[in-house]
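Please read this note with the structure open beside you. The points are meant to be taken in order, going back to the picture after each one.

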Amino acid sequence: MRSDLVDAQTEASDIAREQDKLESDIDQVRQRMTRDQQRLDSGAITSAKDLENLQHEVGSLHKRQTDLEDVELEVMERLEVAEKKTATLAAEQERLAVSVEATERRRVAALAALDKDVEFAQRQRETVVPDISDELLAYYEKLRAQLDGIAAVAIKQRRCDGCRLDLSATDVGRIRDAAEDEVIRCEECRRIQVRTAESGL
Ligand SMILES: [Zn+2]
């Protein structure tokens, strides 16, 4: 993208240089024609042969000027195309730069929000950890390492919040019979299941 723009800019400036060169050539031809015409008009040239030669040269110069002007027209058209292309690519690059900047801002904001979430979760964890035995905590950490970072989930309305599967009647019976402090685990996703007021048991 960036190199496309550089290529287009280079092409446009090459063509502009070509046009400058043509204008300078045309200018020289004009000056020479003016000089020849002045000599013709001055009456200083008396030889018929010299006059004829000079008139012939003015004719040739005129033809040369017309040819150069035709080439210049064609060059100007090419320049217009190249400049349009450059402008389009520059606008596109600008648009992309703005989009990249906006995405970067969103990324920074998202990371900041994540940092806050992590901080909040860590503070919550600190309040809970003192009430949990070292043994259970070690067990939890072991499971967490095995289960994509989520070792304990709530049961909500008889559904495991880890695997999102409904508990079977057997599960419900087993969990109901379990002691309040017994660690129960999901038969499906192997996570520790936490009973809450919303468990529907
Ligand atoms: Zn589960």
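The points below go from the whole chain to the helices and then to the sheet.

1. This is a predicted model, in which local features need pLDDT of at least 70 and side-chain atom pairs count only at pLDDT 80 or more, while totals for chains, interfaces and linings use all residues. Residues are numbered from 1 along each chain as its sequence is written.

2. The domain assignment, which is an automatic or database one, gives domain 1 (2–122) and domain 2 (132–194). The centres of domain 1 and domain 2, taken over C-alpha atoms, are separated by 73 Å.

3. Helices (H or I, at least four residues) and strands (E, at least two) are DSSP runs numbered from the N terminus. Just after H1, glycine 43 has a positive phi of about 80°.

4. Helix H1 (residues 2–42) packs against helix H2 (residues 48–128) at an angle of about 160°, and their axes are 8 Å apart; axes are lines fitted to C-alpha atoms over the stretch in contact, and angles run from 0 to 180 degrees between N-to-C directions. H1 and H2 are therefore roughly antiparallel to each other, a term for angles over 145 degrees.

5. The open sheet has 4 strands in the order E2-E1-E4-E3, and its pairing is mixed; two strands pair if DSSP finds at least two bridges between them. Strand E2 (159–160) and strand E3 (184–185) are at the edges with a single partner strand each, so one side of each has no neighbour in the sheet.

6. How do strand E1 (residues 152–156) and E2 run? They are antiparallel and joined by 2 bridges, with lysine 156 partnered by arginine 159 in E2 and isoleucine 155 opposite cysteine 160 in E2. In the hairpin of E1 and E2, where 2 residues lie between the strands, glutamine 157 takes a positive phi near 45°.

7. E1 also pairs with strand E4 (residues 192–194), here in the parallel sense and over 3 bridges, and valine 153 stands opposite glutamine 193 in E4.

Notes. Angles under 35 degrees count as roughly parallel, over 145 as roughly antiparallel, 65 to 115 as roughly perpendicular and the rest as oblique.
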